[in-house]
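I opened my notebook for a structure that is new to me. I wanted to look up its sheet and its cores.

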Amino acid sequence: MSKEKIAVVTDSTAYIPAELIEKYQIHVVPLSVIIDGVSYKEEVELQTADFYKKIKETDSFPTSSQPAPGDFISLFHSLKEEGYNKVISVHLTSGISGTYQNAVSAGASVDGIDVIGVDSGLACMAQGTLAITAAKMAMEGKTTKEILNHIEMMKNSMDAYFMVDDLNNLQRGGRLTGAQAIIGSLLQIKPILHFQDKQIVLFEKVRTQKKALKRIEEILEKAVQNNEAEEAYVIHGNAPEKGQQWLEELQKQFPTVEFHLSYFGPVIGTHLGEGALGLTWSVK
């Protein structure tokens, strides 16, 4: 059997820092965000800080779109030409986007390279962590099977919870049922959301942001006790100070966990809105 040469592909909603993309040679296919009828490839044609500025200046609600199958086909062809014969393609949950399906169908149409799709069931650095781990393991010479087994184990321990300032974005973007959003705005509650069966669902309703963060900390505490949280990311929607402050509090409470700060970029920010805060964790 020929030696495997494995490439790792993900999409831009992983929001992996540029230095890690370079270090681990991860290939990123961007999603797009559409503002006032103009489409921008996130993190390529529109940086996150500019996105949050732009949406303040527009009355129309931004929307997002997945990469076209052709974007994946051309990438897989060029990887084949570079001598890769395997691709592990890690994507945004199929419950809220067709990106994963487009990657898989594109992979099936390119001969001579074996594309294995991984539906993260999540987004942002929860998805990013899987891609980084896969790329590290590929560099260490691990086989496709070893990598897939390991990231499957990580997925089983992985969890993500987030809290939004305003449910209207999720409601308007069709990513949460309207009834829940209306109840939220009437009662001025701070809903805690999470991913369940690849969808964004309401986890619990709490009255204040402080209580919401406290509740997420309680869930993390259980995960730490069950040895299911070795690394964690605090994720913010254009609120770095708020994110950093929470990270520092968490680091004191959970000294065994390695915490990092990340962000909701344009596509996910379109649905969660400014001021959202999230926490995701997994084993390494």
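How many bridges join strand β8 to strand β13, and do they run parallel or antiparallel? I found five bridges between β8 (residues 159-163) and β13 (residues 277-282), and the two strands run antiparallel. Strands here are DSSP runs of E, at least two residues, and helices are runs of H or I, at least four residues, numbered from the N terminus.

I noted that this is a predicted model: local features need pLDDT of at least 70, side-chain atom pairs count only at pLDDT 80 or more, and totals for chains, interfaces and linings use all residues. Numbering starts from 1 along each chain as its sequence is written, and side-chain values use heavy atoms, without hydrogens and water.

Next I traced the sheet. It is open, has six strands in the order β10-β9-β8-β13-β11-β12, and its pairing is mixed. Pairing takes at least two DSSP bridges between two strands. β10 (199-206) and β12 (258-263) are the edges; each has a single partner strand, so one side of each has no neighbour in the sheet. In β13, Leu279 stands opposite Tyr161.

Then I looked up the cores (buried Ala, Val, Leu, Ile, Met, Phe, Trp, Tyr and Cys joined through side-chain atoms within 4.5 Å). Buried means under 20% relative accessible area, with a 1.4 Å probe and protein chains only. The largest core has 50 residues, and Phe195, Phe264, Ile268 and Leu272 have the most contacts inside it. Helix α5 (residues 124-139) gives the most to this core, nine residues. Another core lies apart from it, with 22 residues, including Tyr161 and Phe259.
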